[in-house]
Each structure stands twice: as structure tokens, then as C-alpha cells.
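Hi,

Here is the structure I promised to send over. Have a look at it first, and my notes on the ligand site and the aromatic rings follow below.

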Amino acid sequence: MTDFSKNEIIDLLKDDSQNDWLFSLADKVRKENVGEEVHLRGLIEFSNICKCMCKYCGLRCENSYAERYRISPSSIISTAQKACNAGYKTIVLQSGEDKFFSQKIMSEIISEIKKFDTAVTLSIGERSFDDYKAFKDSGADRYLIRIETTDKDLYKKMHPNMSFENRVRCLKDLRTLGYEVGTGCLVGLPEQTIESLASDILFFKEINADMVGIGPFIAHPQTPLKNCKNGDFTLALKVMALTRIMLKNINIPATTAMETLNPDGRLIALQCGANVVMPNVTDLNYCEKYDIYPNKAHLDYDISHSRKVIEDKLKTIGRTIAKDYGFRK
Ligand code: 5AD
């Protein structure tokens, strides 16, 4: 019995007395379906310029306090090369929705990085079918675009000038084009209900997501949500654990937002269903400016040293770093 109805999910999310059982079941399902290896993905946050106005996000275009940067294509490629030399088998290219990175420029970056024997994941927001196709043709393997919330009213309030329907269109286009598709949600947005979190989990199952990233909402002081309270770490962990139990063999990251709210957040998440970590390999001075939410957790070391630190941490919980590209099993 590892498939829950919506009502069962809601009950489990509301009742904390079953947490230990839930977390150990998620850990068991993780172990049986994706094993003890942890996939590391080298994350490059290459531009914090964004045309969107997402209410929760520090990169929203109306935040005039943000120090904007854009890493040049040649530096993005050389950072990716360094990460690959350090052993990374996936490079994740993430940015705000920055028009500078046109179809042509992105495609060139992707095809250069593909020469380093690595999988490439994109996380650059809503684009046209044509753009997604060009990126796939250039060698991109995976795409991350969180649905953020499946509560359509809340979606509308949180994302001025955007539409839930277009978000879903993006996910469908990516699937049609043969990407591994990653999505996910925020936990603890103002006015978000437990019922809608249960719908989020069922949505991941319905679209058969290959990867799901779940993180607590963290209030950013230069956004309209600055006075809202942060999401709850344990609730985010429970949404993640239920996602593991329901989708079984997918890839689930222990997210940076979890580590930000709890100093052991990532190790805890890895023992409650997660099997992926996305260390930041962006130059430190940019990494700090990629200020989606405050106090974003990161290591103050160079690419190889931080990899070693992570490897040692993983050993303490009996886990090893995978050597393959880490596609869905
Ligand atoms: N707190 C937590 N996560 C956030 N994100 C954006 N802003 C915040 C915030 N304030 C998440 C979104 C996005 C991902 C890249 O970062 O879910 O998809």
C-alpha cells in the first residue's frame, strides 16, 4: 500500500503524529527504487535579471535593490568545464527570465557544455515551444520549471502577468520534446491550504514528473511578502516524503531552501526521500547576488573542495556520490 488518496494525503499532512512512520516509509521507498547513491548536479546561476514579478521572489523585476548581473556565455562555459573536471555529471543552468539569453545564445552555450561529457539541465523559465525545441536539439537533456502551486487563484495572486495555463503548456511542450521534466512547489505561501498541497502532489503524479523539487517559502525583505511568515520546514519535508512515496523512482533534490531553514536540512531531506543535491558552482560573488530568498545556504569553497565536503557529509549517513549522469531509473 503505497498509493494514497487525496483525503489520506490531507490527513497525513495535517496530523504530525504519523511523521516518523511517513519519513521512514519514504526513506525505504527511496532506497528500494533509486538506491543509496546521491546524484550531484552542479548549479550555475548565470543571470539574476528577470522580467517576472513573482511576489515571493527576490529577483522580481520590481526589486530595485537587487544588484543585477549577467555572466558572459564564455564564463558560463568555463565554469561548467571546471565543474565537469571536478566530477559533475550534470550541469544545471539557472537564471531569471532574461531576454539577453536568446534562442541562439542559449543554444550555443548548451552545445559547448555538451562537449564536456555531461548532462545539461535548464531552469530558465517560460519559453516558446520553438525555443524549447532548439535547446533540445542543441543537447539539453532536462528542464526544471516548478508549477509553484496548483491553486489557480493563489497562482494568479502570486504571479502578476503570468498564467497557470501557460505554465502547464510549458510542462507539456517539454514532455512532447522528450526532455526529462522537473517541476515542484513552494510550501507555506500565504493563504496556501493543506488541500492544495495535496493537489500539488497529485499533479506531480498526473504529469508523471521525472524530478520534483520542493522547498519552503522564505520571506524576502524586498518583496511584497516581506511580512509573511516563512514556510514550515517539517511540512515541506512531509510534502517531499509523500511525493517520494507516490512517484517512487523519480529524482528528488534535497533543496537549498530546506538547508536555509534548518542547518542540517539537506541531510535530513536525504533521509526522508531525497536522492539529489544541487551544489552551487557559481562564482561566489555572483552566488550571493542570486538572492531569491535571504540567507541562501551555500559553501564558501571552490568547486572541488566543496564537492569533497559534501562527499564527507554524505558518508556520515551511509551514502555515496553516483558516477553516472543520473537520469530517472
Ligand atoms: N522562498 C523559497 N523559494 C523561492 N523560490 C523563489 N522565491 C522563493 C522564496 N522566497 C523558488 C521558486 C522557483 C525556484 C527557482 O526558487 O519555487 O521555482
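In these notes, a residue counts as near a molecule when one of its heavy atoms lies within 4 Å of it. This is a predicted model, in which local features need pLDDT of at least 70 and side-chain atom pairs count only at pLDDT 80 or more, while totals for chains, interfaces and linings use all residues. Residues are numbered from 1 along each chain as its sequence is written, and side-chain values use heavy atoms, with hydrogens and water left out.

**The ligand site**

The residues around the ligand are Tyr 56, Cys 57, Gln 94, Arg 146, Glu 148, Leu 186, Pro 216, Phe 217, Ile 218, Ile 292 and Tyr 293. By class, this shell has eight nonpolar, one polar and two charged residues (Ala, Val, Leu, Ile, Met, Phe, Trp, Tyr, Cys and Pro count as nonpolar, Asp, Glu, Lys and Arg as charged, and the others, Gly among them, as polar).

A polar side-chain atom of Glu 148 is 2.5 Å from a ligand oxygen atom. Taken alone, the ligand exposes 410 Å², and the protein buries 87% of that (Shrake-Rupley method, 1.4 Å probe).

**Aromatic rings**

The whole structure holds eight aromatic pairs (ring centres of Phe, Tyr or the six-membered ring of Trp within 6.5 Å; planes under 30 degrees apart are stacked, over 60 edge-to-face, the rest tilted). Phe 100 and Phe 101 are edge-to-face because their planes stand at 85°, with the ring centres 4.9 Å apart. Phe 101 is buried, at a relative accessible area of 1%, whereas Phe 100 is partly exposed at 35% (buried is under 20%, exposed over 50%, partly exposed in between; 1.4 Å probe, protein chains only). Phe 46, Phe 100 and Phe 101 form one aromatic cluster.

What about charges over rings, where NZ of Lys or CZ of Arg is within 6 Å of the ring centre and within 35 degrees of the ring normal? Arg 142 lies over the face of Phe 327, 4.3 Å from the ring centre, and Arg 307 lies over the face of Tyr 88, at 4.8 Å.

Best wishes

Methods. A polar contact is a pair of N or O atoms within 3.5 Å; within protein, one must be able to donate a hydrogen and the other to accept it, and residues adjacent in sequence count only if both atoms are side-chain atoms.
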